[in-house]
Amino acid sequence: MIRFWLFFALLCLALSCSQADPAGTYKLVYVQDGDSVVLCCERGKKFTVRLLDIDAPERYQPYAEKSKALLKNLLEGERLKLLGDKSDRYGRRLAIIEVDGDNINEKMVSSGAAWVWKYSNNRHMRSLQQEAKERKLGLWALPEEQRQDPSDWRKAHPRK
């Protein structure tokens, strides 16, 4: 009887973390911050995705919680499609996340919830950022002294 329940529990676990749909969509498990999420599942395992070309405020930076909340709101309960299969040095998948054909990475930048990544060559993303900045959306509504590019903030506040 114990073997049956153990088998049943393992089967339920495997099915709960299977790819969301055969068409290559995934489900949100949780949002780490405004540019990183954990999704379910790839080969039966959860995995982390770093949104390509964006950099959101770090945990203790102004606007960090709002950025995280917006990303959660955009992804929660949705079928997520990933575009891109490269990984960063931390093993996170670098990708554009789409929901119903909408580019979530672009939405984060155009709403002022994230910067374009410092080293990105994506001109379209840069124009979206400029527009958000001109319209004082999201973090661009903060006083200038409270806006610091996350990569510069990380250099000034290294992890211990």
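A cavity is a set of points on a 1 Å grid over the protein atoms alone where a 1.4 Å probe fits but cannot get out; lining residues have an atom within 4 Å of a point. Grid points are joined across faces, edges and corners, and a volume is the space filled by probe spheres set on the points.

The model is predicted: local features need pLDDT of at least 70, side-chain atom pairs count only at pLDDT 80 or more, and totals for chains, interfaces and linings use all residues. Residues are numbered from 1 along each chain as its sequence is written, and side-chain values use heavy atoms, with hydrogens and water left out.

**Exercise 1. Overall layout**

Task: State the helices and strands of the protein chain and their pattern.

Solution.
Step 1. Helices (H or I, at least four residues) and strands (E, at least two) are DSSP runs, numbered from the N terminus. By this rule the protein chain has five helices and eight strands.
Step 2. Along the sequence they follow the pattern α-β-β-β-β-α-β-β-β-α-β-α-α.
Step 3. For burial, the cut-offs are under 20% relative accessible area for buried, over 50% for exposed, and partly exposed in between (1.4 Å probe, protein chains only). Of the 160 residues of the protein chain, 38% count as buried.
Step 4. Contact means heavy atoms within 4.5 Å. Among contacts between residues at least 6 apart in sequence, 53% join residues at least 24 apart.

**Exercise 2. The cavity and Asn103**

Task: How many cavities of 30 Å³ or more does the whole structure hold, and which residues line the largest cavity?

Solution.
Step 1. Rolling a probe the size of a water molecule over the atoms shows where empty space is left. The search of the whole structure finds one cavity of 30 Å³ or more.
Step 2. The volume of the largest cavity is about 30 Å³.
Step 3. Its lining consists of Leu52, Asp53, Ile96, Asn103, Asn105, Asn122 and Met125.
Step 4. Take Asn103 from that lining. Asn103 sits in strand β7 (residues 102-103) and is buried, at 17% relative accessible area.
Step 5. List the polar contacts of the Asn103 side chain (pairs of N or O atoms within 3.5 Å; within protein, one must be able to donate a hydrogen and the other to accept it, and residues adjacent in sequence count only if both atoms are side-chain atoms). A polar atom of this side chain lies 2.9 Å from the backbone nitrogen of Asn105. The side chain of Asn103 also reaches the backbone nitrogen of Glu106, at 2.9 Å.
Step 6. Set aside neighbours within four places in sequence; Asn103 is then in contact with Ile96, Ile97 and Glu98.

**Exercise 3. Salt bridges**

Task: How many salt bridges does the structure hold, and which residues are linked in a network?

Solution.
Step 1. A salt bridge is a side-chain nitrogen of Lys or Arg within 4 Å of a carboxyl oxygen of Asp or Glu. The structure holds nine.
Step 2. One of them joins the side chains of Glu58 and Arg154, at 2.5 Å from N to O. Glu58 lies in the loop between β4 (54-55) and α2 (64-75) and Arg154 in helix α5 (residues 150-156), so the pair ties together parts that are 96 residues apart in sequence.
Step 3. Glu58 is buried, with 12% relative accessible area, whereas Arg154 is partly exposed at 31%.
Step 4. The network consists of Asp35, Arg50, Asp55, Glu58 and Arg154.
Step 5. Two further pairs can be tabulated.

| Pair | N to O | Accessibility |
|---|---|---|
| Glu76 and Lys72 | 3.9 Å | Glu76 partly exposed, 48%; Lys72 partly exposed, 40% |
| Asp102 and Lys107 | 3.7 Å | Asp102 partly exposed, 36%; Lys107 partly exposed, 33% |

**Exercise 4. Positive phi**

Task: Where do Tyr63 and Lys136 lie, and what is the phi of Tyr63 and of Lys136?

Solution.
Step 1. Most residues other than glycine have a negative phi.
Step 2. Tyr63, in the loop between β4 and α2, has a positive phi near 80°.
Step 3. Lys136 is found in the loop between α4 (123-134) and α5; its phi is about 55°, also positive although the residue is not a glycine.
Step 4. Lys136 is exposed, with a relative accessible area of 58%.

Terms used: On a 1 Å grid over the protein atoms alone, a cavity is a set of points where a 1.4 Å probe fits but cannot get out, and a pocket is an open set with protein on both sides within 12 Å along at least five of seven lines; lining residues have an atom within 4 Å of a point.
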